Amino acid sequence: MGTVSAGESSLLQHATLQMKKIASDGERSAQERVYMKSLCCSVDSADGYQELTFLQSFLLPIKKWSDKKLRDYHLMPSEESNNVEGIVTAAMVARRLLADECDGTGVVRRSSTAKMAADAKQIEDYIISSINAAYERALGAANAKSVAEHEHPLRILAEDVKIIAERDATIFTPIFSRWNSQSIAISASLLHSLYGRELKPFLDGVSHFSEDVTSVLPAADILEQCLIELVYSVDEEDELNGCYKQGMSPYQIEAICAPMIMRWINNQVGKIIEWVERAIQQEKWDPLSSQLRHGASIVEIYRIIEETLDQFFNFNLPMRFPQLKGLLTGFDNALKLYSQNVVSQLVDKDILIPPAPILTRYKKDTAMNSFTRKKIADTGSIDESRCSHFNDLSTSKLCVRLNSLHYLLIQLSILEDNSRARWVQTRPRRSSIEEDLESISASSKPVDGFSTIFDGTNEAVNGAIMKICDFTGVKIIFWDMRQQFLYSLYKGSVSEARVETVIHDLDSVLGQLCDIIVHPLRDQVVIALLQASMDGFVRVLLDGGPSRVFSQEDSRMLDEDLQLLKDFFMAGGDGLPHGVVESSLAPVQQITNLYSLGTHTVIKNLMHASEQPVVGSDSTRYGKKSAKDADTLLRVLCHRSDREASKFLKKQYSLPKSAGYEDAPSKESPFSAFAGASSVSDLLKRTTSFHFPADGQRSFRLLKQKIQEATLEFKQGGW
């Protein structure tokens, strides 16, 4: 079809203006009508000569030319879009004038409503004719292009049809809407139907993701959503609009894709789980660099997760939030598994704590002898088969584990934000024609489920960080520094083995720790070290064995040493907060205060505490022991270099003297449960828990009786 030249455009405008000046048949006088009827001519046509009135003789050629243009208006170049309105106007004016021709009676043959309906029908005919012609051209071009570019023709056709629809909605239908308000709906619904006929056989054969499926379905879905939005953009109060909506049969792409997407998600999550297990096994827990102080495994795991998320969104298929939630839940499970595996490679921190020595009573001149024996016993007290594993869990490697978990949490927040942003950006589109615009708007809102999807990972990782911090503190004090802290501090006498040596080694360890640990975790690790230090300090005071004896005068030095530890961890304001340190030291201070009390007062407190109900306590956390517990008071007496205390323990509890005791854990079971009695309640429950010599053992009944008798005698004022 030829283009409209500038001259033709000007002539068309002039002709339209003149046609509008022509009075309708009903507006003419009887004389004018008779005159107009007398003017006629014959035109040679394909059907022979045709008799035409004066008006028909020049209106029919104008309408014929306009109809030819408009029945395939998509052939008009975009630069001629300004002429479209003129052509349509000329066609509609000519059609009305021709239709308004009367039979000579002077009565108008059509009402105003009928004329408007006829105009709308004419526009609909133009749209249907041109859309069909444009679609057939696009179909042929897609088949040819498919062969040349090795692309599926349905994908190419979907893109071309979308271009037709968008061009129609932008250039043509706004003009057509003056005569037919449903122009956009007519165009979009027809294109939806035409493409649907080509797509249906393909959809019937889809059962799994393939190259063709991942190529065609996204393009078809994008096209359908575009056409649906065009139909729904029309005023819904028009009854005709509902007819076009109901006439559009959905492609059902979402229903076809849903099971395939879920199978893909399950398969991908399974692969990620396998990779997590493999990555943990291969991890050496060395930092990637001085700046990147986490391990390589967590970086690789997040790389795979991000690639999987990219693939999910790059499908560009209709999806629902439960599908995304299923994928994110899979990520959550994988990351929880990672954190669990990081912790599972550790050992129970209680294994690192040597068994508590058995309770004994002080005997003068035995401390040095037991010190000598303990040296010999200590050299063989470590289980060599497990020593290597403990040493592999070095402070630096433990810090890398912590850094990796911290990196996991940082990336987890990024993953959540990224998933939410991409979900909102590619929000669930309309999956059924029956949905209205309000539901589309609602679906674009952020889904509340995002805020809870990774709760499991957050809880698991934070729990793992706390556990590793706690383990790190215990290992440093009870394993790495066991010789300096547990076996040397206050050995022989308080004045000869003060805490300065321990602090010097602690400073070295703390420097190494702070060089590796990331700043956000520094305080948490140091707090764990502080708590372990307090546990170790109280362990020396309460379970130090016969080589640790304290007099009432030693309490001043104990307080001074505790103050040194406090100052060390506060570091002049650069270390831990004052309140945190004070909170950890408070129960320890109460225990050191017991050594400033007279023996008679401690015994009185023990007798009173023995009558109170036993309150459960964590016996492995020395720093949490209460100075009011009978368990603590009994141990204070056992470490008291006082004849009065020794006499009381011998008479009332039949505790053995320190001379027959080896001051070290047994070689056979250095990592077993405590070898000695851990609390006063053990005296009431076990008959041999103190490993007495044969002549010192007592039955359960006799021990219980002695405890009761001791309490009674003390109340009566003498023992």
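Buried means under 20% relative accessible area, exposed means over 50%, and partly exposed lies in between. The model to which this scale is applied is predicted.

**Exercise 1.** Classify asparagine 316 as buried, partly exposed or exposed, and describe its backbone.

Solution. Step one: the relative accessibility of asparagine 316 is 27%, so the residue counts as partly exposed. Step two: asparagine 316 lies in the loop between α11 (296-314) and α12 (321-344). Step three: its phi is positive, about 55°, although the residue is not a glycine.

**Exercise 2.** Determine whether alanine 219 is buried or exposed, and identify its contacts beyond four places in sequence.

Solution. Step one: alanine 219 belongs to helix α8 (residues 211-232). Step two: because its relative accessibility is 11%, alanine 219 counts as buried. Step three: beyond four places in sequence, alanine 219 contacts Arg155 and Ala158. Step four: its C-alpha atom is 8.3 Å from that of leucine 154, 65 residues away along the chain.

**Exercise 3.** Which residues touch the most other members of the largest nonpolar core?

Solution. Step one: this core has 199 residues, and Tyr195 and Tyr338 touch the most other members. Step two: helix α20 (residues 519-542) gives the most to the core, with 13 residues. Step three: beyond four places in sequence, the contacts of tyrosine 338 include Val276, Trp285, Ser404 and Leu408.

How values were computed. Residues are numbered from 1 along each chain as its sequence is written. This is a predicted model: local features need pLDDT of at least 70, side-chain atom pairs count only at pLDDT 80 or more; totals for chains, interfaces and linings use all residues. Side-chain values use heavy atoms; hydrogens and water are left out. A nonpolar core is a set of buried Ala, Val, Leu, Ile, Met, Phe, Trp, Tyr and Cys residues joined through side-chain atoms within 4.5 Å. Buried means under 20% relative accessible area, exposed over 50%, partly exposed in between (1.4 Å probe, protein chains only). Helices (H or I, at least four residues) and strands (E, at least two) are DSSP runs, numbered from the N terminus. Contact means heavy atoms within 4.5 Å.
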